Amino acid sequence: MKDAGKLVRLDPELAYLTLLTAEGLKPISRWEGPFGRKEIRTLESLGLGPVVVERKLPSGTTVQELLFGLNRSYIEVYRRRFSGSPVAKSEDDMRLEGFLFGYPPCCVEEFIEEGYHENGLPPEDQRLLFHWACRGCRVTPLLLPEYRRIWDECEKLLSHASGRGLLKSLVGGIAAACLILFPSHPAVGGGTDPHVIYIAEDRDNDGLKDSEETKLSTDPDDPDTDDDGVPDGVQLAKVMLKAIEDLDTAQSKTHPYKVEYAMRGLERCGICGEYVNMGYIVIVNPLKDIKVEVPYIALHYMEHGSLSYRGDLHEGRVDPVKLAEALELELLSADPVTWGEVKKTLRRR
């Protein structure tokens, strides 16, 4: 690529995406991480015609996306369809994006039907892609040699220029984040963090369903069972997040562990606009034969004390009962225990 040396000005992941696009492997690309005049000028100098598209989060906050590529008509199609629109992912929108961004149609359709799932692709291959390969895909294996060639070229370029390289910069799951201010409004338990989303069948408004509280040994009529000033659901979400963070990534036949499926791409929080990796992790309990998939966006919400989550790719709720069982948090006891005793158990883990 002519003027490839200019890529060193960019974030490593943006540099890799730019090289893929300049080589024609992707008709157009979208960058959702932080960017400014430097990034726009660099893309302009490489002939990739960057265009800024503004969209709105459910909170009303305006966010910006950076579109670029060799196919100007595709960029214009995207701009006309999505400029000023809410950040949401209908099936038709996902199909259109898949077409514009050059993803294999079979992968797009399976993703719409099933979301993320084990696809049999080695992690070192999946990390090269910006789409989640479908099981038995016949197209992705044909693309991988070109992705790998461009990855190696970008790795060599960045390592030579700055010593940072792609592997050090991109592997690890959580991608670039940007700070977007949002207005405070009432949330679970009377708090002000809008990440903590109201749910149905929760008569004490603590973030846990009444049926879950029975199994988790909390009081469905008391939002703060242990009277420490923190709603039960908020507290449990943060405790579970800590337990997940402490899990080993090495496979075991006797203890719970986690498997990370980081993707090369970003997902935006529907509340604050922060970006996280668009992949997921799997909590595995080999003795109980339990597997629980948790998107990275869900971990972001759990950090704020919410078991419910809403990103621009994933929306749903973590099952606290199943997750507690997978993590062996000993919340599912046949004998009644107080919430305070449960918390002591969790702190010791």
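**The sheet**

Select Ile281 and look across to S8, where Val294 stands opposite. Helices (H or I, at least four residues) and strands (E, at least two) are DSSP runs, numbered from the N terminus. This is a predicted model, in which local features need pLDDT of at least 70 and side-chain atom pairs count only at pLDDT 80 or more, while totals for chains, interfaces and linings use all residues. Residues are numbered from 1 along each chain as its sequence is written, and side-chain values use heavy atoms, with hydrogens and water left out.

Now widen the selection to the open sheet of three strands, whose order is S4-S7-S8 and whose pairing is antiparallel. The edges are taken by S4 and S8, each with a single partner strand, so one side of each has no neighbour in the sheet. Ignoring direction, neighbouring strands here are turned by 20° against each other on average; axes are lines fitted to C-alpha atoms, for helices over the stretch in contact, and angles run from 0 to 180 degrees between N-to-C directions.

Go through the pairings next; two strands pair if DSSP finds at least two bridges between them. Strand S4 (residues 257–261) pairs with S7 in the antiparallel sense over five bridges, and Tyr257 stands opposite Val284 in S7. On the other pairing, S7 and strand S8 (residues 290–295) are antiparallel over six bridges. Val282 has Glu293 in S8 as its bridge partner. In the hairpin of S7 and S8, four residues lie between the strands, and Asp289 takes a positive phi near 55°.

Select S7 alone, residues 280–285. How many of its six residues are buried? Six of the six are, so S7 is largely enclosed by the rest of the structure. Buried means under 20% relative accessible area, exposed over 50%, and partly exposed in between (1.4 Å probe, protein chains only). In a regular strand the side chains alternate between the two faces of the sheet. In S7, Tyr280, Val282 and Val284 point one way, and Ile281, Ile283 and Asn285 the other way.

Move to helix H1 (residues 12–22), where 10 of the 11 residues are buried, so the helix is largely enclosed by the rest of the structure. Among the buried ones are Leu14, Leu17 and Leu20. At the start of H1, a side-chain oxygen of Asp11 comes to within 2.9 Å of the backbone nitrogen of Glu13. Just after the helix, Gly24 has a positive phi of about 85°.

Tyr16 and Trp151 make one that is edge-to-face, 5.4 Å centre to centre with 85° between the planes. Tyr16 lies in H1 and Trp151 in helix H7 (residues 140–162), so this pair ties together parts 135 residues apart in sequence. Rings of Phe, Tyr and Trp (its six-membered ring) pair if their centres lie within 6.5 Å; planes under 30 degrees apart count as stacked, over 60 as edge-to-face and the rest as tilted. Tyr16 is buried at a relative accessible area of 0%, and Trp151 is buried at 4%. For an aromatic cluster, select Tyr78, Phe82, Phe101 and Tyr103.

**Helix H5**

In helix H5 (residues 105–114), the buried residues include Val108, Phe111 and Ile112. Gly115 follows H5, with a positive phi near 70°.

**A loop and the cysteines**

Select Asp228, in the loop between helix H9 (210–216) and helix H10 (232–246). Is Asp228 buried or partly exposed? Asp228 is partly exposed, with a relative accessible area of 34%. Its side chain makes a polar contact with the side chain of Gln235 at 2.3 Å. A polar contact is a pair of N or O atoms within 3.5 Å; within protein, one must be able to donate a hydrogen and the other to accept it, and residues adjacent in sequence count only if both atoms are side-chain atoms.

Finish with the cysteines. With a disulfide taken as a pair of cysteine sulfur atoms within 2.5 Å, the count is zero. The sulfur of Cys272 has its closest cysteine sulfur in Cys269, 3.8 Å away, which is too far for a bond. Cys272 is buried, with a relative accessible area of 7%, and Cys154 is buried at 0%.
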